[in-house]
There are 2 protein chains.
Amino acid sequence: VRPLTETDIEALAIGAAILGTGGGGSPYIAKLRCLQELRRGRAIVLVGVEELEDDAQVLTIGGIGAPAVTIEKLSEGNEGLRVLKCLEEFGGRKIDALISAEIGGGNALEPMLTAASTGLPVVDGDGMGRAFPEMQMTTFSIYGHRSTPAAVSDEHGNVVLFRHTVSEEWFERLARSVVVSMGGTAIGAEAPMPGRYVKRAAVPGTVSQSIRLGELVLEANRQHVSAVPRICKQEHGVHLIDAKIVDLKRHLRGGFSVGDIALEGIDGHSGTRAHIVFQNEFLTFERLGRIEVCVPDLIVILDVDTGHAITTDVLRYGQRVAVLALPCHPLLRTPEALAVIGPQAFGLDGVEYRPLPRPNGDLS
Amino acid sequence: VRPLTETDIEALAIGAAILGTGGGGSPYIAKLRCLQELRRGRAIVLVGVEELEDDAQVLTIGGIGAPAVTIEKLSEGNEGLRVLKCLEEFGGRKIDALISAEIGGGNALEPMLTAASTGLPVVDGDGMGRAFPEMQMTTFSIYGHRSTPAAVSDEHGNVVLFRHTVSEEWFERLARSVVVSMGGTAIGAEAPMPGRYVKRAAVPGTVSQSIRLGELVLEANRQHVSAVPRICKQEHGVHLIDAKIVDLKRHLRGGFSVGDIALEGIDGHSGTRAHIVFQNEFLTFERLGRIEVCVPDLIVILDVDTGHAITTDVLRYGQRVAVLALPCHPLLRTPEALAVIGPQAFGLDGVEYRPLPRPNGDLS
């Protein structure tokens, strides 16, 4: 158990954006809100996955919707509190801890806002170890937890409870349509999980991992050196290319930001062309007609100078970027997981997932 | 208090379709289900509005969605039971009676199905005295009852609770998007109302009125005479035209059946052309460039031979129809009501509501 400092929050926002692989929404607004809470004297306390009581009630809280919308449509601030209260009221039990379903992007910080206003601890872990576009794409859901009853709330104060859905896909479909009607983004919370399940199904340590990643970027910035090789070393990643964005297609479809990016190599990679396809998050990296990296491994686009992540909503023509690939957590590589978050789940027919090696060459 | 017979149900279905003014969904499937329940020995008991206890919990149950969809997408049968249980569970109080929010069309019969399986009585009254396309268009909502918490369920078993919405329009918007995602139709129930409120805000006696209308049509059929003059006499209505449908535009937009009908007069009306515009229900009757009747008064299209109502979903080229106008209930004519269900609420700019005279020339 440790309280987070302002420095931790600054680093967390940077690291979470990197693990967002382009999605998860920009952490910027949520970061400012967390800093404001800390300056008001409120605490955000981190608790390890292994420290949870077996029968603790653990609630996921996070934003749902198109990242492009979050830039202009601000949240009101009490959305998380409203969904928490709705689920407590319905379930008749108090919530003991909060957890992010998605460490990548702004959703790393959403539970912390509600933690600050309720005093509840935040679990050091999440349900993706990155970001994904759909709600059933969490290890919580993949390994058997049912998301419903779940609740969503918007900035106006509307609260909708998904009392029961017959499948995770139905939950995704119904919740998505509510969120689109709410204006494209909302805050949601899924059915509380017992601590014993979180210990088994959560991707552990991802809040700390994000903070370490952010610290590393800040340190490199202070030393005026590139953060890219340090990130690759710490995360066992691959530096795929340094490139300029030479074309960009991006549009909203059914509440998602979808599109693709054309890259032209710079510096040591000049003359090389590459493509990245995204649905909120980067899905595939293709070079010379061959897909070199695909989901669920992480494709990360960093500003080539600062080492900060560039999310899909702020991509633009002419940006100079470094593209990295980071291996995902083994919980995302099982057959059950690949059925939900592998390339086929994104309609990428014919794309075969070849896992990036993890530490010590581990492909599991 | 009186139990309904199979004959009552047959007549009710005919009368409710007439009050549906083209919408509310076809009562056919719901009628068959009600008859099946009665033949199984279950009871459907009607209770007068004035017989309700002041603190009785009265629940509206009805179908939501595009009438055109209900022809092909059958309900499973327990949707009403699921929304009732969800609201009982959430509110912590038992429901004492059911009421239709909309007597027009199939929704007259939806509460009866749930009544048969629970033993709860059905109130002789409703929230429209006809049919309307949107959920906030009920006297319950107009005179101050808030629809939320409300629940919807589909044939798969999905149940969504609208815990709280900041306005009736937000409820309509969010519920509509859920219903569209459920495939275009679902069964919904709004927040339980106290009996004392139902006594004040319900359009009273509309179940009995529908049964009488249906009996009158059946009686005219047996005597091989037109039901039209009898309906006009009983309902203080106007026989506008007998005509042939010479053109028809109908499409689905945002979960609604919208379109317009071109009519060419027959028999005593030959040479006259007229137009009817609809959004689930018939909104305006226009002749010689002048709107003669508009919402909230009832525009009714009957088969010229049988006197049975023709709903928007079964309109077709070449049908020979009688068009009637019936005055709506005074509860629909107040300034509060017209703001929600008058012509402007349907985007009919410049159309002024001139009420049809009620019995004794009453225009209120």
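When neighbours within four places in sequence are left aside, Ser141(B) is in contact with Gln136(B) and Glu168(B), contact being defined by heavy atoms within 4.5 Å.

This is a predicted model, in which local features need pLDDT of at least 70 and side-chain atom pairs count only at pLDDT 80 or more, while totals for chains, interfaces and linings use all residues. Residues are numbered from 1 along each chain as its sequence is written, chains are lettered from A and ligands numbered from 1 in the order in which they are written, and side-chain values use heavy atoms, with hydrogens and water left out.

Over all chains, the structure holds seven aromatic pairs; rings of Phe, Tyr and Trp (its six-membered ring) pair if their centres lie within 6.5 Å, and planes under 30 degrees apart count as stacked, over 60 as edge-to-face and the rest as tilted. The rings of Phe162(B) and Phe171(B) have centres 5.7 Å apart and planes at 75 degrees, so this pair is edge-to-face, and both Phe162(B) and Phe171(B) are buried. For Phe278(B) and Phe282(B), the ring centres are 6.4 Å apart and the planes stand at 90 degrees, so that pair is edge-to-face; Phe278(B) and Phe282(B) are both buried.

Turning to helix packing, two packed helices are described by the angle between their axes and the distance between the axes. In chain A, the axes of helix α2 (residues 28-39) and helix α5 (residues 110-118) come within 9 Å and cross at roughly 20 degrees, where axes are lines fitted to C-alpha atoms, for helices over the stretch in contact, and angles run from 0 to 180 degrees between N-to-C directions. α2(A) and α5(A) are therefore roughly parallel to each other, given that angles under 35 degrees count as roughly parallel, over 145 as roughly antiparallel, 65 to 115 as roughly perpendicular and the rest as oblique. In chain B, the axes of helix α1 (residues 6-19) and helix α9 (residues 206-222) come within 6 Å and cross at roughly 100 degrees, and α1(B) and α9(B) are therefore roughly perpendicular to each other.

How values were computed:
Buried means under 20% relative accessible area, exposed over 50%, partly exposed in between (1.4 Å probe, protein chains only). Helices (H or I, at least four residues) and strands (E, at least two) are DSSP runs, numbered from the N terminus.
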